[in-house]
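Please open the structure in your viewer and keep the sequence at hand.

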Amino acid sequence: MNAKSKITATTLILLCAGFTQAWAKVPEPETVLYGKIIHRAHGHELRLTEGALTWTLRDQQGNYFVRETMLEDIHGVFSYRVGIPHQALSSGLRVDTSVVPLGLAESVWEFVSIEVDGHPATLIWPETDFLKIAQNFRAATHRVDLLVSFDLPDEDGDGIPDWWEKQYGLNWQSPDGHLDMSGDGWSNLEAFLNGADPLRDNRAPLILTTSITAYGESRNGVWLRSIDADTPPQGLEYTLTGLPGGGYLYF
């Protein structure tokens, strides 16, 4: 072997070494979780768009992965998007501890906890409570809607959250929970606690339940939410005008 060929061979070895080093960590597309976060209290619902979401996962070997993101208003529909970063896991490759490895074999990551501003969030059924991670599932996207229930800001301390008072044009900076805006006998605070509209005369019976969702092979109770400020529950009568499509109703 002459000098020229020796130099060429040495250069080739160095180039290969550099190539191996550069590709020791192979990035993969993220697994994406997204959805609504609904706050429920006293029959009222609010889609949250502010706050911090913390999502903790654990695999079958006891390894934990924590991802944090800020809530946001996404297209006026959703509340969050969480991207779970990956790197390819294969022979000769290294993976950062800051990502979830994406191997050829399937791994299962359980949802250990989900919190919004430190408060627990629960999955809205029938969403799954785990992820299957593998190279065959790369770039997967999962919609997972969440439910929370905790005290929201109440600047004037009248027992009514600010967002609800703003929604109905009430004074959220000065206590007005004792006022009766519609003259139906319910104060603003009572209207909030009863899941009612404070600007409506709630003496006229109103059914708030507009639909009931029953998933395949399941049975759901027919729970109706009604409002009537001057009639006790036993004084209300309900009339069934039609049967559900694609299902059965049992008495």
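In which loop does Asp 145 lie? Select Asp 145 in this predicted model: the residue sits in the loop between strand E12 (141–143) and E13. Asp 145 has a relative accessible area of 12%, and because buried means under 20%, the residue counts as buried. Next, display the side chain of Arg 143, with which the side chain of Asp 145 makes a polar contact at 3.0 Å.

Proceed now to the largest nonpolar core, which holds 35 residues. Select Ile 37, Leu 53, Trp 55, Tyr 80, Val 116 and Leu 146, the members that touch the most other members. Then colour the elements that each give two or more residues to this core; among them are strand E4 (52–59), strand E6 (80–88), strand E13 (146–148), helix H2 (162–167) and helix H3 (188–193). The greatest contribution comes from E8, with four residues.

Within this core, centre the view on Trp 55. Beyond its neighbours within four places in sequence, Trp 55 is in contact with several residues, including Leu 33, Phe 65, Arg 67, Tyr 80, Phe 111, Ser 113, Val 144 and Leu 146.

For the last stop, select Thr 210, in the loop between strand E14 (206–207) and strand E15 (226–227). Is Thr 210 buried or exposed? Its relative accessibility is 77%, and Thr 210 therefore counts as exposed, the cut-off being over 50%.

Definitions and conventions. Residues numbered from 1 in each chain as written. Predicted model: local features only at pLDDT ≥ 70, side-chain atom pairs only at ≥ 80, totals over all residues. Heavy atoms only, no water. Core = buried A, V, L, I, M, F, W, Y, C linked by side-chain atoms within 4.5 Å. Buried < 20%, exposed > 50% of the residue type's maximum accessible area, 1.4 Å probe, protein only. Contact = heavy atoms within 4.5 Å. Polar contact = N/O pair within 3.5 Å; in protein donor to acceptor, adjacent residues only side chain to side chain.
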